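Here are a few notes to read with the model open beside you. Take them one at a time and find each residue as you go.

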Amino acid sequence: MFNVKLRIMEPKVRKIAMVVNKYNMHEHDQSLEDLKYWLTKTPIERVSAVTFLIQQHLKPGQRMDKTKFKKIQITK
């Protein structure tokens, strides 16, 4: 009459490993790691990240003051 298949649920396997890095706060140079990270990004990605951060700081409807910046041609 009814064709019912029962499946046994297998436990889910965690595929993401938890990673913890411990550093001595007096000896660790976070700014060097930050610099290495941003140097792996293209200039366009860097400018995009800065623009995003500025936009988060501005009030709704407020525009960025672009008089502080010079226009330059970014070449690859």
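1. Let's start at the largest pocket, which is lined by Arg 46, Val 47, Val 50, Thr 51, Ile 54, Met 64, Lys 66, Phe 69, Lys 70, Lys 71, Ile 72 and Ile 74. A pocket here is an open set of points on a 1 Å grid over the protein atoms alone, with protein on both sides within 12 Å along at least five of seven lines, and lining residues have an atom within 4 Å of a point.

2. A word on the source: this is a predicted model, where local features need pLDDT of at least 70 and side-chain atom pairs count only at pLDDT 80 or more, while totals for chains, interfaces and linings use all residues. Residues are numbered from 1 along each chain as its sequence is written, and side-chain values use heavy atoms, leaving out hydrogens and water.

3. How big is the volume of the largest pocket? The value is about 410 Å³. Its lining has seven nonpolar, one polar and four charged residues.

4. Next, look at Ile 72, found in the segment after α2 (43-57). Ile 72 counts as exposed because its relative accessibility is 66% (exposed means over 50%, with a 1.4 Å probe and protein chains only).

5. Pro 60 is also in the segment after α2. With 83% relative accessibility, Pro 60 counts as exposed. From Pro 60 to Arg 7 there are 53 residues in sequence and 53 Å in space, C-alpha to C-alpha.

6. Finally, find Val 20 in the segment before α1 (30-39). Val 20 counts as exposed, at 67% relative accessibility. Val 20 and Val 50 lie 30 residues apart in sequence and 28 Å apart in space, C-alpha to C-alpha.

Methods. Helix = DSSP H or I, 4+ residues; strand = E, 2+ residues; numbered from the N terminus. Buried < 20%, exposed > 50% of the residue type's maximum accessible area, 1.4 Å probe, protein only. 1 Å grid on protein atoms, 1.4 Å probe; cavity = no way out; pocket = protein on both sides within 12 Å on 5 of 7 lines; lining within 4 Å. Points joined across faces, edges and corners; volume = space filled by probe spheres on them. Nonpolar A, V, L, I, M, F, W, Y, C, P; charged D, E, K, R; others polar.
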